[in-house]
Amino acid sequence: MAFTGRTDTSGGADRRSALSRYALLPLRVFLGVTFVYAGLDKLTDSAFLASSGPGSLGELMRAVRDSAALPGLVDLALKNPVGFGYAIGIGELAVGIGTLLGLFARVAAAGGALISLSLWLTVSWATTPYYYGNDLAYLMAWLPLVLAGAPMFSADAALRRRRGRRGRRGRRVFRGRRGRRGGLPA
C-alpha cells in the first residue's frame, strides 16, 4: 500500500514501472500540439507577419524592447520583423512536429526550450509576478524532454529498435553455424 509504506507484492512495482515509461507522453503531446498550433497561427496571420500595425510582431517588439532582459535580442528581431516572424513560426512548427513524431526528440525539445527561453527573456520578462508569464513555464516543461527524449511511441524509439535488430542479426552470423565464436569449424 502506498499510504502505509508497505511494499506491494502483487505486481504493483511492474505496473508502476510500465506507467513511468509513459509519464512524459502527455507532456510531449501537449507541447507538440501547442507548438504546431502556435507556428501555424503565426504563419497564417498576415497582421502578425508585418513590420508595423496592430497585432504585428514589429509593434510587439517595439513595445517590449525597453523592458526585455536582452534588448539586443529584440533589436536583432527589429532589423527584420517579418523574417524573424517567419523564423519563429517555422521553428515552432518544426519543434512541434518533431515532438509529436518523436523524431530527433531531444533536438526538437532543445529547440522548444530555446524558443521559450528567448520569448521569456524578451516578451514576458517584465511580467510580474514572474509566474504569470507562460514562457518560463514552457521552458521548464521542455527540460524533461531534453533530458529523456521520447522513449515511447516515437520515431526515435522505432529507429533504435530497428538498429538493435540489425545488430543482433550481425552477431548471429558472426557466431557461425554451430554457435561457436568466430564461426570456424572445430
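Colleague: Is Lys-42 buried or exposed?
Modeller: This is a predicted model, and the relative accessibility computed for Lys-42 is 19%. The cut-off for buried is under 20%. Lys-42 therefore counts as buried.

Colleague: Which side chain meets Lys-42 in a salt bridge?
Modeller: Side chains of opposite charge can pair when their charged atoms come close. For Lys-42 the N to O distance is 3.1 Å, and the cut-off is 4 Å. The partner is Glu-92.

Colleague: How many residues apart in sequence are the parts that this pair ties together?
Modeller: Glu-92 belongs to helix H5, while Lys-42 belongs to helix H2.

Colleague: What is the relative accessible area of Glu-92?
Modeller: Buried means under 20%. Glu-92 falls in that class. Its relative accessible area is 3%.

Colleague: Over which ring does the charged end of Lys-42 sit?
Modeller: The charged end of Lys-42 is 5.9 Å from the ring centre. The distance limit for this contact is 6 Å. The ring is that of Phe-48.

Colleague: What separates Arg-62 and Glu-59 along helix H3?
Modeller: These two form a salt bridge, with the closest N and O atoms 3.3 Å apart. Arg-62 is partly exposed at 41%, and Glu-59 is partly exposed at 35%. They are 3 residues apart in helix H3 (residues 57–64), so their separation is about one helical turn.

Colleague: Which residues do salt bridges that share partners join into one network?
Modeller: Start with Asp-66 and Arg-65, whose closest N and O atoms are 3.6 Å apart in a salt bridge. Asp-66 is exposed at 71%, whereas Arg-65 is partly exposed at 27%. Shared partners give one network of Arg-65, Asp-66 and Asp-75.

Colleague: Are the rings of Tyr-22 and Phe-153 stacked, edge-to-face or tilted?
Modeller: The whole structure holds 7 aromatic pairs. In this one the ring centres are 5.8 Å apart and the planes are at 40°. Planes under 30 degrees apart would be stacked, and over 60 edge-to-face. The pair is therefore tilted.

Colleague: How many residues apart are Tyr-22 and Phe-153?
Modeller: Tyr-22 lies in the loop between helix H1 (12–21) and helix H2 (25–43). Phe-153 lies in the loop between helix H7 (134–148) and helix H8 (155–175). Tyr-22 is partly exposed at 34%, whereas Phe-153 is exposed at 58%. The pair links distant parts of the chain, 131 residues apart.

Colleague: What kind of aromatic pair do Tyr-131 and Tyr-132 form?
Modeller: Both Tyr-131 and Tyr-132 are exposed. Their rings are 5.3 Å apart centre to centre, with 80° between the planes. The pair is edge-to-face.

Conventions. Residues are numbered from 1 along each chain as its sequence is written. This is a predicted model: local features need pLDDT of at least 70, side-chain atom pairs count only at pLDDT 80 or more; totals for chains, interfaces and linings use all residues. Side-chain values use heavy atoms; hydrogens and water are left out. Rings of Phe, Tyr and Trp (its six-membered ring) pair if their centres lie within 6.5 Å; planes under 30 degrees apart count as stacked, over 60 as edge-to-face and the rest as tilted. Helices (H or I, at least four residues) and strands (E, at least two) are DSSP runs, numbered from the N terminus. Buried means under 20% relative accessible area, exposed over 50%, partly exposed in between (1.4 Å probe, protein chains only). A charge sits over a ring if NZ of Lys or CZ of Arg is within 6 Å of the ring centre and within 35 degrees of the ring normal.
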